[in-house]
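Okay, everyone, thanks for coming.

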Amino acid sequence: MLQALIKFLKSVDWNHAQEQEEAFQLLEEWEPMDVDDALELLTSQFAHLPRIRQYAVRRLETYPDEVPFFESATYRLIFNTHYTPPGIAILLVTISSSSTL
């Protein structure tokens, strides 16, 4: 069901203002996504949509440091820094400073 949000966001006509605003409203009402889906929102496909990317960063910030996936996800986050909003830099520093590696 969560992957449905990604599919929905990919289907939105982002050039149409009303459709864009409805998508942003639904994004905030949708069930929170998992780490994989949040990382997908940080790919180049959504680079032109800062509100979508900020949502992804907010979702990633809610996951506890103990989530083992976070350390393996760090590479994906770094790989996408060219496309990421400023908040991701803070998140990367937080992850790295709390890492037990």
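Let's start with Trp14, which counts as buried at 13% relative accessibility; buried means under 20% relative accessible area, exposed over 50%, and partly exposed in between, with a 1.4 Å probe and protein chains only. Quick housekeeping: this is a predicted model, where local features need pLDDT of at least 70 and side-chain atom pairs count only at pLDDT 80 or more, while totals for chains, interfaces and linings use all residues. Residues are numbered from 1 along each chain as its sequence is written, and side-chain values use heavy atoms, leaving out hydrogens and water.

Now, aromatic pairs: there are 2 in the structure. Rings of Phe, Tyr and Trp (its six-membered ring) pair if their centres lie within 6.5 Å, and planes under 30 degrees apart count as stacked, over 60 as edge-to-face and the rest as tilted.

Phe8 and Trp30 have ring centres 5.8 Å apart and planes at 25 degrees, so that pair is stacked. Phe8 sits in helix α1 (residues 3-11) and Trp30 in the loop between α2 and α3, 22 residues apart; helices here are DSSP runs (H or I, at least four residues), numbered from the N terminus. Buried or exposed, or in between, for Phe8? Phe8 is partly exposed, at 23%, and Trp30 is partly exposed too, at 22%.

Back to Trp14: its ring and that of Phe24 have centres 5.5 Å apart and planes at 40 degrees, so this pair is tilted. Trp14 is in the loop between α1 and α2, and Phe24 in helix α2, 10 residues apart. Phe24 is buried, at 7% relative accessibility.

Definitions and conventions: Helices (H or I, at least four residues) and strands (E, at least two) are DSSP runs, numbered from the N terminus.
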